[in-house]
Amino acid sequence: MNKKFLSAILFGALMVSSTGTFVSCKDYDDDIDRIDNTLNDLKSQIAALQTEVANGNWVTSVTPTEGGFTVVFKDGKTYTIVNGKDGEKGDKGEDGKGTEVTVKDGYWYIDGEKTDYLAVTSEDLKEVKVPYINEEDGYWYFYNDKGEAEKSPYKATGAAYAVNDGGVFTLYMPDANGVMQTIKLPTAASAISSIEFLDNDYQAIKNLNEITLLYWDAAATTEWKGPRGNISNNITTYSTDLSGNNNVLYTRIAPSSVDASELAFSLIDTKDNVASIALAAKKYDGMLTRAAENGLYDITVVPGSYADGGDANKLANQFLSSGANKAMALKPATANYRSLFNVKVIPAKQTTAPLTNINLNGNYVTIVGVDKTTEVAYQTKVGQEVVVSVTKECNLYDMYLSASEEDKALFGIIFSEDGRSFKATKSPDNVTDATIDLEVYTLPNIGGNSNIKKTTIRVEINRTLGEATYDKQTKQPNKTNYSFLVSADKLKASLSSDLNAWYASVKTDVNVLQNIYDDEACTVISDLGTNGGATTTNMNNKQVAVTMNVDNDNQVTPANIATKLNYLKFQLDINKTVKPLKIGKTYYAKLSFVDKTSNIELNYVVVPFELTKPELNTILVKESGVFRDGKDLAQAYMYWGDATTKVTGKSYYQSNYYIDRAFTDMQKKLSDAKMVTSPTFAIDDANNVLDAEGKDTGKKASYFASIVNPVPSSTNRAHVSLKEDTDGNGSRDVAGYKKDLNVKFTGAYLDVTGDDSWKYAKTYQFRVMSPILEGEAVAANNVVEVSATGRTKLYKENIWAKTYNNDVKYDIFAKGKAAGVIEWYRSDIANVTFSTGNKNVFEVTVATPTVPVAATATAPAVDSYIEVEGVTENTAKLKVAVDDIWGYTLNSSVDIKTTLNTGK
């Protein structure tokens with residue numbers, strides 16, 4: 001018969017009198033604001049809990065306590081229900097303490113005592129059945145594998161109990177009349193509303209996620225003394241190889257307020273069968289370019305063992321159906337919400353489990369089973385934690401460490417509970433450096449007494465002269481081979497009375513950087529690429545070197561160290577393309593100072609440092625006259641000096657806006673930021689384009705325009721180029737004019753492209769326009785009076801124009817003539833013509849402004865003019881057409897009033 005384990009935990013038989021005391025308390029730093037309100041009825045108790053739930057609070061735990069149970073909410077509030085003096089004791093419970101009812105090994109346990117009742121249901125039952133207390137006789141009733149309730153010998157009269165099912169605690173509490181009242185309290189697991197899988201960059205949805213589950217038909221052991229205990233008969237051990245790419249579920253969980261790292265996870269198939277492996281979530285702590293980084297986790301299988309009943313393939317078969325891999329979904333172990341069924345577990349039975357090498361703090365020491373005691377294999381210092389690992393962690397069932405009783409006492413050796421690390425807490429004296437023989441015991445997943453290996457490693461424990469951790473150094477590099485200085489004062493202060501002895505012993509002409517770490521304890525080595533290739537002395541093929549020498553003129557030697565050692569110089573050589581140092585991440589540089597004769601470490605200091613980059617708005621500095629009101633919309637008026645390319649077969653120029661006109665000293669600032677090859681402007685089609693009124697055009701920016709010279713330089717300037725024929729019908733249709741075109745800038749500070757933390761990305765809108773077309777014609781005093789009976793010449797004093805900027809007035813009459821072509825006062829004017837708006841009022845007799853004539857000895861100068869002839873006395877429009885050099889025409893007008901006896 002197929003059996004399904006319940007995802008439920010019960011805390012039961014908690015005696016509560018008819019007037020229990022309900023207490024809520026919350027910590028505020030060092031002060032405890034205790035609320036001691038005695039609630040006189042169950043209704044008040046339930047109301048208090050309901051208020052928490054209504055306020056969005058959820059339960060993190062419900063635990064038995066002396067005389068009752070305690071409910072803890074996510075914000076730290078604690079509510080305790082305790083027994084009243086009249087509470088009745090359950091037959092199997094201890095006086096004054098609630099009974100704990102739990103599931104273990106597939107059976108119900110009461111106060112740690114195994115019952116005969118299986119915590120299972122038959123496969124055809126559609127919902128989980130949990131035990132309950134019969135209100136009539138006060139006994140616990142359990143369900144058998146047929147789904148039938150059976151009375152147990154366990155009495156719980158007058159009890160309050162709680163059931164955790166589907167991520168929701170249901171509290172059952174008797175009121176003053178003995179009638180059971182209930183309240184449901186959600187946990188974090190029940191709050192989960194979304195689980196989705198992403199690629200390993202957390203950027204895109206991943207529809208197929210594979211986990212290769214390694215498993216072994218493990219041989220039983222009787223001699224193992226490690227934390228996990230001996231392997232019993234009929235046990236399958238399992239794990240995953242996390243060095244592979246397919247065994248981590250890169251997951252986004254919503255809402256992000258749920259801390260999924262505190263939850264256990266399971267895999268279920270489409271029939272709701274829960275696989276017998278557990279998974280755990282680790283928060284993602286890296287940096288992403290996307291905005292939605294919250295709620296990201298790396299979820300992996302927790303290595304474990306499974307009682308297979310003699311069938312070595314029983315565990316593997318949970319993931320197979322007719323030989324094919326089942327579709328599985330991820331769910332919190334105590335809740336019902338699940339992901340899509342897009343996880344595939346591939347069982348891979350193993351017959352060997354080589355552990356290969358033993359490493360101490362990530363450094364190779366020896367092969368498993370091969371002692372290394374004839375010489376010192378590893379050096380550590382008093383107080384330094386040493387983590388022991390094997391190369392093939394996926395094959396390791398368990399490990400523990402030991403040493404002789406004499407060594408443990410002499411050096412104060414402390415071993416971690418998980419058997420994976422140790423540290424010496426004291427030195428036997430202040431002079432002698434001594435060694436211990438560390439015993440490393442390992443048991444692979446394949447099991448068997450014969451595979452238990454003891455590896456003895458000689459470890460030297462050195463006296464610590466001085467240790468110090470600096471305040472974090474925050475630096476903004478201005479080049480990849482950047483350097484900065486850190487004061488040596490804290491180093492020297494840490495040595496105290498040993499300083500002079502240290503001066504006499506320390507090696508001065510070396511790179512003192514031991515390594516770069518991700519954590520303050522210096523246990524996780526940072527994953528960095530090699531140096532970028534610059535000629536940096538003693539870089540050790542890494543991106544950082546630290547020396548005592550500030551420069552060639554300030555070399556620190558044994559002879560002058562007491563006076564010359566004032567700074568430690570950090571020399572960076574950042575790899576631009578492969579695993580560069582990250583921006584915004586705190587690194588821990590461990591600096592190790594060694595004896596100049598023996599090379600034994602004398603002391604170390606830790607210097608945290610973080611690199612920053614300038615804000616993009618200090619590189620792309622928006623011109624206030626272009627970007628108005630602090631927005632990212634550029635009022636992109638074309639400039640005549642940029643008009644260099646005419647439209648094929650036309651006399652006018654291409655409608656181009658040069659992007660560097662929108663940003664102050666753009667090319668220089670990009671150059672100062674060492675951004676030469678990475679900066680790029682590109683059309684951004686992520687969203688539709690809006691018109692000048694804010695209406696959606698339904699089109700992407702690439703329909704209207706393109707970017708020419710997308711990688712800007714001083715000679716190849718990036719510019720937005722409007723398409724001349726957007727609809728492709730062969731006639732001019734510059735539909736991109738005055739549209740808010742989306743243009744995205746991307747680039748990497750110092751051209752370091754190997755990590756997203758160095759990169760910039762921002763989208764701006766460019767509204768490309770002609771300064772002429774966006775202006776208008778203006779008449780002196782708003783109207784020009786002319787003769788109604790004769791001809792009148794009009795000059796620049798009578799009519800002019802202004803651009804989009806009302807303060808910019810310009811002449812629309814001819815300036816001169818060169819090579820047969822009229823010259824205008826503005827270089828972006830191609831031609832100006834005038835026409836009447838009403839021939840019955842006046843005619844235009846000279847429509848194109850005349851070429852001015854310079855004064856001669858016999859004749860005065862003649863200014864440029866147009867001429868109109870009055871027909872009748874009235875007012876009408878004088879039409880003004882100003883053609884610009886980009887092929888646009890401003891069609892404007894001014895008022896002409898014809899009157900008698902007026903004219904020139």
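Guide: Welcome! Q571 lies in strand 44, residues 567–572, a strand being a DSSP run of E with at least two residues, numbered from the N terminus. This is a predicted model, where local features need pLDDT of at least 70 and side-chain atom pairs count only at pLDDT 80 or more, while totals for chains, interfaces and linings use all residues. Residues are numbered from 1 along each chain as its sequence is written, and side-chain values use heavy atoms, leaving out hydrogens and water.

Visitor: Why does Q571 count as buried?

Guide: Buried means under 20% relative accessible area, exposed over 50%, and partly exposed in between, with a 1.4 Å probe and protein chains only. Q571 has 15%, so it counts as buried.

Visitor: Which residues are in contact with W502, leaving aside neighbours within four places in sequence?

Guide: Contact means heavy atoms within 4.5 Å. Among the partners of W502 are L465, M548, F593 and N603.

Visitor: What makes a set of residues a nonpolar core?

Guide: Its members are buried Ala, Val, Leu, Ile, Met, Phe, Trp, Tyr and Cys residues joined through side-chain atoms within 4.5 Å. The largest such core here has 83 residues, and W502, M548 and F570 are among those with the most contacts inside it. A second, separate core has 33 residues, including F265 and Y297. In soluble globular proteins, nonpolar side chains tend to be buried together.

Note on methods. Helix = DSSP H or I, 4+ residues; strand = E, 2+ residues; numbered from the N terminus.
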